[in-house]
Amino acid sequence: MSLQETNNHNNNPTTKQVKIKLKDANRTKLLLSFSLRNAVQDSNSSLYIVVYETVVEESTKFMSYTAQTRKEVGRTEAISADTEVYFHNRVELNYAFEDTQALYIQVWKQGRDSYQDTPRKLWGEVWISVGQLLVRFGSVALLPLVLSEPSSRKQDPMLEITAVEPKYVKTVLSMHLAAAKLKKPSAIFGSIRPILIIQRSYLSQLTTVVHSLEGEDDETLWETVYETEPVKEEENIFHSLTKQKNMFDFGRLELSQEDLDRGNAELPLSLQVVHLKKTGQRSLIGSFLTNEKFLSSQPSNSIFPLKSPADRDQLSPPGYIVLLSPLHTHTLWTFLDYIIGGCELKLIFAIDFTASNGNPKQPGTLHYCGDASRLNEYERAIREIASVLLEYQIEQQIACYGFGAKLPPYEKTHHCFPLTLNEGSPYFYGLEDVLAGYHSILSNIQFHGPTVLSQVIKTATDMAMEQKAADNASYFILFILTDGAISDVHATTEEIQRASQCAPLSIVIVGIGSDDFKDMDALSSCYSLQRPILQFIPYRSFRSNNSCSIAIRKVLAEIPQQMLCFMKLAQMKPKRPKRRSFKLYPGIVEASAPSEAPSCAHRHE
């Protein structure tokens, strides 16, 4: 069969482009490697590492609670104790930007005779968050171990941790597939409506898969990666370009390598062509076993015969798979590429001080702070947001503004003023400093109105543009905490549109209180944005289920993708990773440790 004429359309603009949704930018995998420096030299002992992650358990439908538990992520192999120990086994960690992931790492010592029976003793431990590891240390940290017993050694034992995002989570495979000379399954009338289904095997060797299928057709052997839409006859571009019938174009597919074969180029793949009946039932036409390594070695217009289903005995193939263009791979820049390269996330708060919030001295109002045992909604939102984003800053610097209030001498309403009351320095340092500044400003202002958001958005946009012009690798996130209707919808929308075009900025509006917030829908629908930068969350609507932190994490999860959209539009590539010394930040490890960390002395696994 000649496909020369058929495949002259490969570069034709009418060729279908089927882009498959890749992994969410906020979630990926990290491979953690470990080594020990200045360790104990003991020929009769060996050392190994166990990694735990602190997991926050939220409330359920029937119970309201928040608790933290430790979950083992993985462990290394045991290696003979020496002054320097390099562990070969890496620990795989599921990374999520919106979660505060704290790692608790234990180093265990045991006898070399028997891994199972010899008593094991905790030798040392260390704490660090994933955000600190990536941002403050540039993905490579050298940390002092907290030993279970006092040591008289001149040099303290050190644990080196290296975090690497595996290449296969960033690699995209592109291929253009079609089917040709498909035979109708028995009892099928009318035209064929084929679907291409791509599956990957749970087994690692293609020969093992073939042997298994010869013995028994085990459906549990395969996991579906992707399936196309049915190709209807009137949508088949081959008919119009070549006048050849019974040929179907599935389009140019783009697949994440992690989804396709988990980075294993020899993992068996099954390409199945299925006929979709009008009743919705499916009938298998044929399948083709292959793998990424084989497909990447094939030239354009390669043809592969389909294998008939086991219940049919046919002398000729039921059809063919056609590789219209060679399989190509390309690597995407990821969120962590920019973070590890030194891009910091800058946090900006804008707080509503309009009169609709009520008198802050009266219990029950939105800004009331008289009950030390109970945070108001503004305090809770600030704490939950900052607890995640401060992990991605070195200096813990937060710009805080207010709007809708009168400042001394109380002559006019200010729609954007720093809580520091210092126009040249709107920054606080750390979460507790922010809350202290918030409490302090309440006694120095008069709540007024109206609610004007355009000025705080303009200020944040200008700050972000200034950093961009200075070529500083920073991305800004503005959180506007407001309780009521917006008075300047048109002006606010124009500022949002301007920010989406040119500024490294995302905007999250957090609705405080019980207002219906109808104006928020108008902000995102007045104009089409250059890129998505705006989100809104009605904070109180999640309060009944005690799931406010889940709502905050949901909007935070969108930030990495918004940042990547800006970097792509601005054509900004990530910089080389910055390696920082532990000596520059001596308080990091101590701050990462639990407030009531149990002593590791005399503990056994």
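Let me start with the strands: β2 (residues 27-37) and β12 (residues 158-164) run antiparallel and are joined by 7 bridges. Strands here are DSSP runs of E with at least two residues, numbered from the N terminus, and two strands pair if DSSP finds at least two bridges between them. Within β12, I161 stands opposite F34.

A word on the source. This is a predicted model, where local features need pLDDT of at least 70, side-chain atom pairs count only at pLDDT 80 or more, and totals for chains, interfaces and linings use all residues. Residues are numbered from 1 along each chain as its sequence is written, and side-chain values use heavy atoms, with hydrogens and water left out.

Back to β12. Strand β10 (residues 140-144) is also antiparallel to β12, with 5 bridges between them. T162 in β12 is the bridge partner of V140.

Next, V50, which sits in strand β3 (residues 42-57). Is V50 buried or exposed? V50 is buried, at a relative accessible area of 0%; buried means under 20%, exposed over 50%, partly exposed in between, with a 1.4 Å probe and protein chains only. From V50 to E125 the C-alpha distance is 9.6 Å, across 75 residues of sequence.

Last, the cavities. On a 1 Å grid over the protein atoms alone, a cavity is a set of points where a 1.4 Å probe fits but cannot get out, and lining residues have an atom within 4 Å of a point. The whole structure has 2 cavities of 30 Å³ or more. The lining of the largest cavity includes D99, S129 and Y392.

Conventions:
Helix = DSSP H or I, 4+ residues; strand = E, 2+ residues; numbered from the N terminus. 1 Å grid on protein atoms, 1.4 Å probe; cavity = no way out; pocket = protein on both sides within 12 Å on 5 of 7 lines; lining within 4 Å. Points joined across faces, edges and corners; volume = space filled by probe spheres on them.
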